Amino acid sequence: MMQHDVRCIIVSGPSICIGGRAGTRGSSPQPRREPAAKYLSSIIICLHHPEVFLVHPLPIEMLSIVPRQYFLGFIPLAAGAELITVFGVVNKASGIYGLLSIFTGHPITAAQLILNIVSLLLLPVFLYALHNVRRQNALPVVAFSYIYFVDMFANLAFTIYFSVIWFRVFDVTEATEVGKDTSSSLDTASERGLSITIIVLVLLFKVYFCFALFGYARMLVRKAGLRADNGEGKFTKQLQFIMLAIAPSFWHRGGRRAGKGRMVNTLEEGIEMY
Amino acid sequence: MLLPTTYLRRKFRTFFMSDVPPSSTLARLDRSWNVKKTLKRVQRHKWNLYDVQYLLAFTIACFVFFVVTEPGVFVKLAIAALFTLALLVPITSQFFFPFIPIGTWLILFYSCRFIPADWRPSISVRVLPSLETILYGGNLSNVLAAHNNSVLDVLAWIPYGLIHFGAPFVCSAIMFLFAAPGTLPVFARSFGYMNLIGVSIQLFFPTSPPWYENLYGLAPATYDIRGSPGGLARVDGILGLDLYTSSFTASPMVFGAFPSLHSGCAVIEVLFMAYVFPRLTPFLLGYVLWIWWSTMYLTHHYFIDLIGGAILSATVFYIVSRNLLPAVQMDKASRWAYDSVDMGLRPSTKVRLTKEFYVEDEEWAISSSVESGNASPTDSPSSEWEIETLADNDESKAPLVSNTASKLQLPRYNESYNEKFSEKV
């Protein structure tokens, strides 16, 4: 996953510095694959000089779950982001079918109605996002990753709510004998366990998908050279400032230093100062 | 006045072949009957990791051969011999070679009823309703099946009982005629592997469909239970036939709700068709929504099954479209108009087929090197990807891309192409 993004530690005289991509600044276009021994030596150096961690937080970025080039370790991030968005679109289509209950006369609760309406409203948003993910438009993808982030938490809340309701009635439904032997069917306890396992896995995947989207958005932001202060157009400028000023150390290397420790009253002022 | 074949042929040529490049043979088919040719091809083939797929297909075929008892040994042997012969004769092999995954899927699906119940994993009855209710807030399939009438029955039957079975053939024919040469074999392989993976999941994770819940409640299931047509029984009543009731009762895969291959097939067909005809995308998406509704209305699948099938298809399509699928050139009307084909979306994965194909034919190699400039990559949908990859190729990424690309390529596929086109000149 990170084989070409190796942070190398160069010991030059008394000072130690961390940073720089292996092979990118050298004269040869081929990146050098760092041998394992070099990794080990860099770890040893860091143990002896812990202050390098304080000055350069890069090794922590190395351990980050946010993918930089490859989704799941082997799929190019662009394709991964597209797949995530397609999965999202497909899932949001559930809103259409849920709301058909109004016509079929099947009773639904308020929570179901809210979930279905939210899904239906997000469907065009996801479709528009798919369009932009394909075209690699940085700012819409950043906005989409924030929307996905919020949607993930909303989904989590709904999932917990519905699972509490469902598992309350899960065991109550009595099993009636159908065939002579019921040995070829899972028993209720293991079915419950399996259901919970799958749901937890789905949620974990969703969290990873969110990280991957942010990773893709970051890739596009860095490629397009977007900063919090170089937006164009009135609305876009403010949106870009809000989205990129939230976690500057995530979006840019060393982006934290700007605009620190000062108060701003308006957005315009903040953008100016930034 | 009769319609002679020459007249039809002329009509066909004016329609499809009016803008054929003069020396292009890319779109032609192999018309040889010589078995030796195929054997020579196998001899020259450099074996690699991707040939494991044929080992897998052979293993599944052997398993099916020993498990299936219904047609006798001689019939099974005859089928195997016929298929081998079809693979050996070049004129048929160009169709049956990409057909291998589909054939494997079909025989595996048929063999399901013969697999003894004690070999099989336990059936889960409650997992799918649980997932559907928890992830989507309610029992969507129940919601849609709650209210029936005969107009809705027919509306549900059209995609589920008719289009689903006809669409693979129609899509194949359209792709053969209008898409870049080489699109159809890629579609056939993707379709086959998608279904093969789907049936394998159904075998290893058997789940009951919504009609089971309607008939038996959430009671434990056994493999003795026969299939049910669900809502299609009403369609049989309307049509006055016993088509679906008998066929679904005798279905080899009763507990195969997840993933829905109705959804999987529809999505992979739609993705390929939208790739070839981007303007039709809204209609194609409408078809997916239609067939999803009908599977739930007819109580054959939960919503989560449809999502499973769609995710499976989308994943297969994205792998294939980035690595193997010939790029569409929008200015080309039919397969005969192509004089060169780019494969995959990443530039390093692209293979200039003209150069690869005709390497043995010196005359062609010269003419192709002159004419390959006719290809217009800017018209193809892949252009944006090219820009992307070119943009981030500047530094450390480039060697890695070429590395993975060479790994990801399916050399067997290339070679089959190479053979197919080079020897027909």
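## The nonpolar cores

The largest nonpolar core contains 120 residues. The residues with the most contacts inside this core come from both chains: Leu213(A) and Tyr216(A), together with Ile268(B), Met296(B) and Phe303(B). Apart from this core there is a second, separate one of eight residues, among them Leu186(A), Val125(B), Tyr212(B) and Phe255(B). In soluble globular proteins, nonpolar side chains tend to be buried together. The model described here is a predicted one.

What does Phe303(B) touch, if its neighbours within four places in sequence are left aside? From chain A, its contacts are Ser94(A) and Tyr97(A). From chain B, they are Glu132(B), Tyr136(B), Leu140(B), Ser141(B) and Met296(B).

## The two chains in outline

Chain B has 425 residues, of which 43% count as buried. Its secondary structure consists of 21 helices and zero strands. Among contacts in chain B with a separation of 6 or more, 79% are between residues 24 or more positions apart.

Chain A has 274 residues, and buried residues make up 28% of them. This chain has twelve helices and four strands. For contacts in chain A between residues at least 6 apart in sequence, the share that joins residues at least 24 apart is 63%.

## Confidence in chain A

The mean pLDDT of chain A is 75, with 65% of its residues at 70 or more. Over residues 1-34 of chain A, the pLDDT is below 50.

## A helix pair in chain A

How do helices H7(A) and H8(A) pack? Helix H7 of chain A covers residues 110-135 and helix H8 covers residues 138-170. Their axes are 11 Å apart and form an angle of about 155 degrees. Angles over 145 degrees count as roughly antiparallel, and H7(A) and H8(A) are therefore roughly antiparallel to each other. Their crossing is left-handed.

On the H7(A) side, the contact is made by Ala111(A), Leu115(A), Val118(A), Leu122(A), Val125(A), Ala129(A), Asn132(A) and Val133(A). On the H8(A) side, the residues are Pro140(A), Val141(A), Phe144(A), Ile147(A), Asp151(A), Ala154(A), Phe158(A) and Tyr161(A).

The loop between H7 and H8 of chain A holds Gln136(A). This residue is not glycine, yet its phi is positive, near 60 degrees. Is Gln136(A) buried or exposed? Gln136(A) counts as buried because it has 20 C-beta neighbours inside 10 Å, and 20 or more is the cut-off for buried.

## Backbone details in chain B

Most residues other than glycine have a negative phi, and most peptide bonds are trans. Thr299(B) sits in the loop between helix H15 (281-297) and helix H16 (303-323) of chain B. With 23 other C-beta atoms within 10 Å, Thr299(B) is buried.

Which two residues of chain B are joined by a cis peptide bond? They are Phe258(B) and Pro259(B), with omega about -10 degrees. Pro259(B) is placed in the loop between helix H13 (244-249) and helix H14 (261-276) of chain B.

How values were computed:
Residues numbered from 1 in each chain as written. Chains lettered and ligands numbered in written order. Predicted model: local features only at pLDDT ≥ 70, side-chain atom pairs only at ≥ 80, totals over all residues. Helix = DSSP H or I, 4+ residues; strand = E, 2+ residues; numbered from the N terminus. Buried ≥ 20, exposed ≤ 12 C-beta atoms within 10 Å, placed from the backbone. Contact = placed C-beta atoms within 7 Å. Core = buried A, V, L, I, M, F, W, Y, C linked by C-beta atoms within 7 Å. pLDDT = per-residue confidence, 0-100. Axes fitted to C-alpha atoms, helices over the stretch in contact; angles between N-to-C directions. Parallel < 35°, antiparallel > 145°, perpendicular 65-115°, else oblique. Left-handed = near helix turned anticlockwise from the far one by under 90°.
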